[in-house]
Each structure stands twice: as structure tokens, then as C-alpha cells.
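Please open the model in a viewer and keep the sequence at hand. The stops below are given in the order in which to select them.

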Amino acid sequence: MIEDALNLYDEMTQRRILPTKITYTVVISGMCKAKRTHDAHRMFELMKTRGCRPDSATYNALLDGFCKCGQIDEAFKLFKSFRADGYNVGIRGFGCLIDGLIKAKRISGAEKLFQQVLDAGLVPDIILYTIMMRGLTELGRMEDATNMLRDMIGKGVMPDTRCYNVLIKGFCDLGLLDEARSLELEISQHNQFPNSCTYTILICGLCRNGLLGEAQEIFNGMEKLNCSPSVVTFNALIDGLCKAAKVDEARLMLHKMEIGKNPSLFLRLSQGTDRVLDSASLHKKVETLVESGLIHKAYKLLIQLADSGVVPNIKTYNTLINGMCKDGQVDRALKVFEELKHKGHFPDSVTYATLIEGLQRVDREGDAYKLFKHMNENGCKPSASVYKTLMTWSCRRRKTSVAFGLWLEYLRSLAGREGEALKSTEKYFEKGDFEMAVRSLLEMDMKLVDFDSGPYNIWLVGLCQTNRVDVAIRTFSVLEEFNVVVSAPGCVKLIEALCSEGNLGKAVDVFLYTIERGYKLMPRVCNGLLQRLLGSKERAAVAFELLDKMKSVGYDLNSCVHHNTRFLIRHRYSERISENVLSAAR
């Protein structure tokens, strides 16, 4: 679209029709939306050289474009140049900059700039206050955000529903649901009304905290308040039902979504002897009406369905499929998969990844690979997460070689990857030199912006699961050398494998690595290592040092250390005291 606009602009200039401020502003705004900010800046400079003076809309369009593209430092340079041009950036301009700083997680900078607005005697509007409150809530600073709301009201700026929604979401994210509900009630005090977004935020928060019943009450109450649920509202409740293992209710909710927002229609169709609960029964219902001569009634029913508003999207179906797979109902999930295609939806990478994971969970590896092949054939390019799912399950089935091959296949499918480097990696792997294969791959991967440590951690776990502990520890060393973060599960598997081999020195090294990374391991893992160390008189001192380290980084030793471990600690401690006494006696 932006190319068409630029072609029209070129045609204007060729015909010697001088662009106006509005024309320039529209083109600059379009370039910014297309993330061509530097081209937009050049157009802005061209506009000035041609004697067309920018107005506030032009200045703000350019400033907003740089901020939305995350180019905050460049935006501040523009801000300074605008002031040098004699343009006083108003509330809208400050709002663009503050919003950009918040999105870049630079909240302290946003607060300083907001204070500058106040010091300059400018009065922030509702939009700027809302931006600031959003930034504070994202950091969990609810007291500061609430104080800003009160300050805003005190200065005569009345909050709108969107402003309240920001605060309600902040409280819900922290699990402070009573405070969130209190704010919902406060909205009406300022001649505003909760909207679909308000209720969706509350439903999400309640479901996340296990209060599904209350979430359903809010959902059911929306109809009475003449507030129609959106697709996001339905998705939130369906997700909550699936997580509570209420898959049948989730399925019924999907059907209600398809029937629409007409509750009487839903009740009429979902109750009685000839219930309409899927497309087949709906077709049968329409067919029966037509055969009975009630063609108008059949037509009216279909029109009601078509005009009822909310239609499930692919995210809705993905949520339901995920819930069914986690509940072990993979065949039902596959049925929904077929249904969504018949209804004109296109499965995405998330749909396929969820089903592949579900099939692997019930040990249907062959069907999982068939679906993977089907994904490719239907033009849905498998994402990295799909490959990693297959790799994880290959490692669990002790097929580390298959896992490595899968990732090489994924890398070959990407544009811009070095073909020769991949061939070199493959040669190392074919020779059985896994360490050099990993090193070769890392030398290539570390140059990329989108480096993914996931596959390396999957391989590390896989090597431990196949008892290739020597290769696993060498791989761990290579990952450390390249500053690749080894995940907590990878460290746990490696510690357990090293303990089984009796290589306690290396196991301690890996445990110390987890402490440096800030990981807190499960008591089972900690006690396993400590007991093996305390089982040897020579290594007991290392166990005591490890306990001191654990305490210093916040491990609660009272709850973490098991009874058997405590017994060994007391035993070794008594030995140390006895030895010290004997040594002193000599």
C-alpha cells in the first residue's frame, strides 16, 4: 500500500502538482507505519527544503513513528532538532516519547520526562496519564499507579474506562483480585461503564487464580449488562475451562461462540431431544425444517447464526485442542482439527505443534510424524518450536542422533544459513565427534541475531538420558566456553548422571554453575548430591562448603535438607569435632 502511495506522490511531482502539508504528512505517516523511518525523515527534510513548513501533525507523525519502531535515541535527537526549528512539542509529542521509553522498559527515563512536562507547566491529558500508569503497572508498582490516578482526578482530568482497564489488569496480574473488582465498581462513579475489555481482563485474572466459578458468573452477567463478549473473552474462558480439565464445558462454550451472542437461541438449540451441538446436527436440523416445509424458519435460523456476531478464531480452536491433548483426548482434538478446516480456518504452527506434542504424549510417534509431513505439504512451514518438540521426544526415546538431524534439517530450511558450515557440522556428526559438531554449529550460530540455545539444551538432556555422560560433560564445557546458558533441567540431568557415574567433582562444578545462574534446584537433586558427598569422609568438607553456598544464595535449608541428609551431616560433624579434640590432646 505504501508503494502505491509513493507512486502517486511521484506522479504528482512529475505533473508539477505541489504536495501540501497534508500530502507530506500522510506519506510520512505511511512510511513510519511501514517501518521505513529513515525514508520518512528524508521526506520530512525534503518537505522543508521545498518551502512547505511542517505543522504539529507532521512533527508528531515522525516522532511517533521512530518511537513505535523502538528507535528511542533517534527520536530524542529529532525532539532536539524540532526544538531548534522553533517547534514546541506539546503533550502529544511528549506522550510519543514517554510511550516509547516505557515500551523500551526505560521507566526511569519516562518518569523524568513526565516530571519535565509538569515542570514546564503543561497539563497531562488522559492519554499521557494512561501511558504512565501502564508503565508503572507493568513493573508491579500498583501503589504509584493508583496514586497517579488520584492525582489525575484531583487535577480535574477524569479517567475513562481504558484508563481503569490498565489499573485493573495491573492488579489482576499480581493476583490482587479484590482491588481489581473494587476499581471495576468505581468506573461508574465517573459516568463511565465497564466494557468488554474490562470483563475480559477480570475473567483472565480469575481463571489464572483458579476462580473459574466467579469468571463464569462475570461472563454470564455480561449479557444482562448488554455487553457482548469478544473473541478474546471467549478465548480466556475456554482456556480457563481447559486448564481446569473441564474440556466438555469448553467445547460447549466454543459451540456457544459459534451460535453467537443470542442466549435464547443458544439455549433453544443446545437443549431438548434434537440438540444442535455441532455442524452435522445443525445441518440435520436445517434439513428437517426444509423437508417439513418450514423453509423460512430454516433460513431465519441460519441468518441468526450468521449475524450473531462473535466467531471463533484459530486461537480459540488452539486453546481447545491444547486442553483436549493435555487431558489425553487426542482423538477428539484431531476431530476438532478437521472441523476447523471445514469451517474455513487455517491451522497455524501452534495448532500443529500442540497436536504433535499430544500425539507424542500418548506414544503415537508415527502419527506425530505423519502430521509433521502433512504440515509441510499444506504450506504451513514448521516453526522452530515444532522441531524442538520432535527433538525433545526423540531424546526421551533415546534417539539423540535423530534429534540432531532434525535441527540440521530445520537450519537447512532457513534462508541465509551457511551451507558449507552445515556440511562441515554434518561430517563431524557422521564421524561420531559430537563435541566438534556442536562446536562447529555454535561458531556459525553465535553470529546470528536470532540465536536459540534450546536445541543445545535438548541435546545435553538427551546425552544424559542415553548415559553418554562423558560426551554430555564435554558438551557442557563447550557451551560454557561460548557463553551459552545451560537450562536448569539440563543441569539437573547432568548432575544426576554424573552422580550415577561417581564423578562427584564434576557434579559439584555443575551445581555451582546453577548457583551462579540463580537457579534453585529441587530438594531431591540437592539431597542426592549432598548424600553422596557426605557418604565419603574425604568429601564431607565439600558438602559443608556447598551447604554454606546454598544458604548464602537463599536456599531454605530447614525445608530443603531431608532427614537422611541431616543424619549424615550430624555424623560427619561429630567426626570433625572428635578429630579436633584428639588433635588438641596431642
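For the classes used below, Ala, Val, Leu, Ile, Met, Phe, Trp, Tyr, Cys and Pro count as nonpolar, Asp, Glu, Lys and Arg as charged, and the others, Gly among them, as polar. The model is predicted, so local features need pLDDT of at least 70 and side-chain atom pairs pLDDT 80 or more, while totals for chains, interfaces and linings use all residues. Numbering runs from 1 along each chain as its sequence is written, and side-chain values use heavy atoms, without hydrogens and water.

**The second largest pocket**

Select Cys 207, Ala 236, Asp 239, Gly 240 and Lys 243, which lie nearest the centre of the second largest pocket among its 16 lining residues. The space in this pocket is about 280 Å³. Its lining comprises eight nonpolar, four polar and four charged residues. Helix α14 gives the largest share, six residues; α12 (196-208) and α19 (314-326) each supply at least two.

**Thr 233**

Next, select Thr 233, in helix α14 (residues 231-243). Its relative accessibility is 0%, so Thr 233 counts as buried (under 20% relative accessible area, 1.4 Å probe, protein chains only). Beyond neighbours within four places in sequence, Thr 233 is in contact with Ser 196, Thr 200, Ile 203, Phe 219 and Met 222 (heavy atoms within 4.5 Å).

**Helix α30**

Just after α30, Gly 518 has a positive phi of about 85 degrees.

Methods
Helix = DSSP H or I, 4+ residues; strand = E, 2+ residues; numbered from the N terminus. Buried < 20%, exposed > 50% of the residue type's maximum accessible area, 1.4 Å probe, protein only. 1 Å grid on protein atoms, 1.4 Å probe; cavity = no way out; pocket = protein on both sides within 12 Å on 5 of 7 lines; lining within 4 Å. Points joined across faces, edges and corners; volume = space filled by probe spheres on them.
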